[in-house]
Amino acid sequence: MAMEKRVVFKSAWLPYVLLLPQLTITALFFFWPAAQAVYFSFQLQDAFGMTSQFVWFQNYVDLFKDSHYVSSFKVTAFFSVMVATCGILISLMLATMADSVVRGALAYKTFLIWPYAVAPAIAGVLWAFIFAPSIGIVTYFLKQFGIDWNWIINSEQAMLLVVIASVWKQISYNFLFFLAGLQSIPKSLIEAAAIDGAGPFRRFWTIVFPLLSPTTFFLLVMNIIYSFFDTFGVIDATTQGGPGDATKILVYKVYYDGVKAADLGGSSAQSVILMAIVITLTVIQFRYIERRVQY
Amino acid sequence: MTRKSLLAAFIAAAFTATGAQAQTEIQWWHSMGGALGDKLNELANKFNASQTAYKVVPSYKGSYPESMTNAIAAYRAGNAPHILQVFEVGTATMMAGKGAVVPVYKLMKDADEPFDPKVYIGPVSGYYSDSKGNMLSFPFNSSTVVFYINKDAYKKAGLDPAKAPKTWKEFIAAAEKLKSAGQGCVYTTGWPAWMHIENFSAWHNVPIGTKENGMGGMDTEFKVNSPLHVKHIAMLGDMAKKGLLTYAGRTNQAEAKFASGECAMLTSSTGAQANIRRTAKFEWSVNMIPYHDDVKGAPQNSIIGGASLWVMGGKTANAYKGVAKFFAFLSKPEIQMEWHTGTGYVPITMAAYDLTRKSGFYDKNPGADIAVKQLMNKPPTANSKGLRFGNYVQGREVIEEEIEAVIMGKKDAQKAMDEAVRRGNEILRKFQAANKG
């Protein structure tokens, strides 16, 4: 950290002016909607907003009285852990492999980054087609092996499908960061270890992985946030929370109740809860996991 | 194009635009995609060509829940459309929006346009009328659920293809025969809640909820855990376990499975016919939905699905006059017939039904009149004229989730239906509280 350069502004107001655009965007698109959500979560409104009553915590009480809402926490936890772990592991593997490729590296990298440009809903539709019960190409091959694939009514398969689609969507992002991380590791370190007789696996665990830990930590935070907030498009395009409520993660219920069922109060209360969870998770990650990160 | 001609074109366009502005534009938001959307545009064009004072401008706003949400958001922002197509489950929400909507009977009266709710067939007018018999929205596209069989599959299994099962007992017997003849997917259903709860209840003359299925007041409660409901849902769970029922999803996914020949029997919307007619490479027939013969008085009549047109509040008197004129245009039997025969939706007036029959359409398309016959099977009762539950978008979803749990074998039918009632009632109470005042 000693290398860090410090720039001191001579003008008192210039730094604030330079920060202003970003602050405006943050306030307008993050703080204002968040404040609105908190406000609406205490209201009971009809669909057209003709009447509204201040109901204190009624919307929250209703939520926690409903066993299905509570069980959707479990679904969300499972889903997020799966998406974050699989997403990070697979992209780490791909990045390590892409890093050691000599010929055609650019082509590989481009193709691996490509999925990031695909919108979540489109990713969902894509996977829903490939895995469609009775007409999907993968379904067809699975049938040859005697596997009956129908995620419409099989909750485990439905979960698997939304995890695959969500992970696929996020791999590129993770890949990009891992690749950059790998490329910043000095070759001399690895070569020195190789001369000392360390095999590829040992080299990875004792040198590469620790040096990648800041990247991994950052990606862990980003992936958890992604799986909590950004995956409703994938779910809406595939299972829509079903079968039963097997894939009804918290953010999908927020979307469904608010946008499709016009229940603004309930939906806002849910999004406030969701916001609290993600803030807590991020704080925990920074307090406890970050200590083990070597910068 | 040279700069001069570009300028000329621009001026010309500007003039046409001002010319068009002399007309009053009527915005119509709808959810009819694909071929249905083309048909709907044809209707609007026909009306626009028939007079010069008004111009109906249809715009597709996504699926039913999407266009409804869009319109509600637009209303809150002060720029709602004049006419909004709302699906049947949104009816209670729209009705509760007093001031946000203009009741159709009032609109027609104010504009001195003739309007008689009695010309509509019972299950249609009942669905969209208040307790005094005043029609609040304009029926547009109505469907009901019917029973399709693959006649070729029946022949292969040694069943008589001319005799579709009438009762669920006969249905199970036929299903078992189809299964043992090697039929992979025996039976599938579209719209599980609409078919196996809503229409099932009407068809057997049992209530879906108290207070005439919610039509008599917002303090209604679900009744879908009655012994008959539980028995029926348990039967579905049992069929799924035996491989007689292949569940395909909450909307119309099942229809493709039947049309492709994968499934031999289907219960789904009358609206599926156009598609099946186009794709099916086998002989098929449309029949009335099965009933339990141990229920007294069954079968009663089925209820409708589909959508109606709501008129949004806060517009000019002149615009409302135009809307009324447009509705009067849509009420004409020949227009109704055109829409019915072109789309597969049910003819919603007796006049349109008679006209279509006289035209010979039903002789050429056997089964196209089954839906009307089923809707008119008996005069509707308090249990079979329709339903009106607040926030039923959520309520129906709860019912579907619980049915799925039974079909997956994760819950027994009694527990699932009890849960559906408990969760559904919470939604109803919340709606009641939000719309009280």
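**Notes on a two-chain model**

1. Let's start with two helices: α11(B) crosses α20(B) in a right-handed way. A crossing is right-handed if the near helix is turned clockwise from the far one by less than a right angle, and left-handed if anticlockwise. Helices here are DSSP runs of H or I with at least four residues, strands are E runs of at least two, and both are numbered from the N terminus.

2. A quick word on the ground rules. This is a predicted model, where local features need pLDDT of at least 70 and side-chain atom pairs count only at pLDDT 80 or more, while totals for chains, interfaces and linings use all residues. Residues are numbered from 1 along each chain as its sequence is written, and chains are lettered from A and ligands numbered from 1 in the order in which they are written.

3. Back to that pair. The axes of α11(B) (residues 227-241) and α20(B) come within 9 Å and cross at roughly 125°. That makes α11(B) oblique to α20(B). Axes are lines fitted to C-alpha atoms, for helices over the stretch in contact, with angles from 0 to 180 degrees between N-to-C directions. Under 35 degrees counts as roughly parallel, over 145 as roughly antiparallel, 65 to 115 as roughly perpendicular and the rest as oblique.

4. Who touches whom? H229(B), V230(B), I233(B), A234(B) and G237(B) of α11(B) meet A413(B), Q414(B), A416(B) and M417(B) of α20(B). By class, there are 6 nonpolar, 3 polar and no charged residues here. Contact means C-beta atoms, placed from the backbone, within 7 Å. Nonpolar covers Ala, Val, Leu, Ile, Met, Phe, Trp, Tyr, Cys and Pro; charged covers Asp, Glu, Lys and Arg; the others, Gly among them, are polar.

5. Now try α9(B) (residues 192-203) against α19(B): they pack at about 95°, with axes 10 Å apart. The two are therefore roughly perpendicular to each other. P192(B), A193(B), H196(B) and I197(B) of α9(B) touch R396(B), I399(B), E400(B) and I403(B) of α19(B).

6. α19(B) also turns up where the chains meet. That contact takes 32 residues from chain B and 24 residues from chain A. On chain B's side, α3 (64-76), α4 (91-96), α19 (392-407) and α20 (413-434) each supply at least two residues, and the largest share, 6 residues, comes from α19(B).

7. Buried means 20 or more other C-beta atoms within 10 Å of a residue's own, exposed means 12 or fewer, and partly exposed is in between, with C-beta atoms placed from the backbone.

8. Finally, a few backbone spots to check. Most residues other than glycine have a negative phi, and most peptide bonds are trans. D112(B) has a positive phi of about 55° although it is not a glycine, and this residue is exposed, with 9 other C-beta atoms within 10 Å. N391(B) has a positive phi near 50°, but N391(B) is buried, with 27 other C-beta atoms within 10 Å. There is a cis bond between G242(A) and P243(A), with omega about -5°, and another from A298(B) to P299(B), with omega near -5°.

Methods: Contact = placed C-beta atoms within 7 Å.
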